[in-house]
Amino acid sequence: MNLTHLPTISVLSDSVTIAQLDDVKIIRVLHEKAEAAISLHGGHVLSFTPKGQEDLIWMSKEAIFNPEKAIRGGVPVCWPWFGRIANPAHGFARNSAWSLIEHRENENGVIVVLGLSASEETKAIWPFEFKARLTIEIGDELLITLDAKNTDDKAWNCSGALHTYLNIADITSTTITGMGSSYIDGLLEAKVCFGGEVLSIDTAVDRVYTQPEDTILISDAQRTLSVTNSGHNAAVIWNPWIEGAESMGDMNNDGYQTMVCVESTYHATSLEAAKVIQPNESFVLATSIKA
Ligand code: TA6
């Protein structure tokens, strides 16, 4: 993603500025180790380009940067649930206004911390108190950690995902390993299936892999990306293929050729069956991505 031409709203440090991208404000990081963009709408990482690399993150050419809509591409924060087990799909975090809590630098690069707390809007959807922090560490690799603390006086349940869209050279020459062999097939009415240890994609894929390794490798003709997850119980792999891309107004029709989602996921079949978080405890989910 070309970040340098976006108009600057304010300068926070030598490497961190707030910039405008259509109707959303982004935190733009231009550091010697890497460049990155994070939208305050959704707490959504839009781009991560370590020095000498192409962007590791895919963004739709038709993406809509508007507070009314979740952004197609990047790393949507799906919380307090993953999928369609409640409304709206993938929870409200990806459609909420996050605030900047902190930014700092260390020898590894830049750290940006965003926050989201319960409000009248979130309580109308999900009636609980919480304080979520999203820590984004930008350096040779990208580390995103969601920490959602239960600040209510009763337990609540949640699931979630860091729904990373990876930027790949060509889906037809991409192989994925480390996702394990057993999966729930979202395109076969959640049928439990067993596949091989190596996944090549030549059709629409929407799978919840239930026994993934912590590190998943995605190799295309040009490079290998590595995704290391924690706090998860599953890894979702998604590519909508051509019909899916054509059916989405915010995805370019050929976009499926250069993306694959590899998602650090806490999967549950219903909110009742989701992870129980007691008062003062946190739900923590992370993903780190490097080339
Ligand atoms: O993570 C896979 C998935 O849940 C798919 O079922 C697919 O619909 C995708 O996410 C995108 O969902 P969205 O709500 O962003 O259109």
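**Note on the pockets, ligand surroundings and sheets of a predicted model**

1. By class, the residues lining the second largest pocket are seven nonpolar, five polar and five charged, where Ala, Val, Leu, Ile, Met, Phe, Trp, Tyr, Cys and Pro count as nonpolar, Asp, Glu, Lys and Arg as charged, and the others, Gly among them, as polar. The volume of this second largest pocket is about 320 Å³, and of its 17 lining residues the closest to the centre are Glu 54, Asp 55, Ile 57, Trp 58 and Asn 167. A pocket here is an open set of points on a 1 Å grid over the protein atoms alone, where a 1.4 Å probe fits, with protein on both sides within 12 Å along at least five of seven lines, and lining residues have an atom within 4 Å of a point. Grid points are joined across faces, edges and corners, and a volume is the space filled by probe spheres set on the points.

2. On the basis of the values: this is a predicted model, in which local features need pLDDT of at least 70 and side-chain atom pairs count only at pLDDT 80 or more, while totals for chains, interfaces and linings use all residues. Residues are numbered from 1 along each chain as its sequence is written, and side-chain values use heavy atoms, with hydrogens and water left out.

3. The largest pocket holds about 640 Å³ of space. It is lined by 30 residues, of which Phe 82, Gly 83, Arg 84, His 90 and Asp 206 are the closest to its centre. Strand 15 (182-185), strand 18 (205-209) and strand 21 (234-239) are the elements that give two or more residues to this lining, and strand 18 supplies the largest share, three residues. Strands are DSSP runs (E, at least two residues), numbered from the N terminus. By class, the lining of the largest pocket has 13 nonpolar, seven polar and 10 charged residues.

4. Around the ligand stand Arg 72, Phe 82, Arg 84, His 90, Arg 94, His 163, Asp 206, Val 236, Trp 238 and Glu 263, each with a heavy atom within 4 Å of it. A polar side-chain atom of Arg 94 lies 2.8 Å from an oxygen atom of the ligand; for an N or O atom in the side chain of His 90 the distance to a ligand oxygen is 3.1 Å, and for one in the side chain of Arg 84 it is 3.2 Å.

5. Nine strands form an open sheet in the order 7-8-9-10-24-20-19-14-17, with antiparallel pairing; two strands pair if DSSP finds at least two bridges between them. Strand 7 (99-106) and strand 17 (198-200) are at the edges with a single partner strand each, so one side of each is left without a neighbour in the sheet. Within this sheet, nine bridges join strand 9 to strand 10, and the two form a hairpin with three residues between them. Ile 136 has Ile 144 in strand 10 as its bridge partner. Strand 10 (residues 142-150) also pairs with strand 24 (residues 282-290) in the antiparallel sense over eight bridges, and there Asp 147 has Val 284 as its bridge partner.

6. A further open sheet has five strands in the order 1-2-3-4-5, again paired antiparallel. Its edges are strand 1 (8-11) and strand 5 (44-50), each with a single partner strand, so one side of each is left without a neighbour in the sheet. Strand 4 (residues 34-39) runs antiparallel to strand 5 and is joined to it by six bridges, with Ala 36 standing opposite Phe 48 in strand 5.

Terms used:
Helices (H or I, at least four residues) and strands (E, at least two) are DSSP runs, numbered from the N terminus. A polar contact is a pair of N or O atoms within 3.5 Å; within protein, one must be able to donate a hydrogen and the other to accept it, and residues adjacent in sequence count only if both atoms are side-chain atoms.
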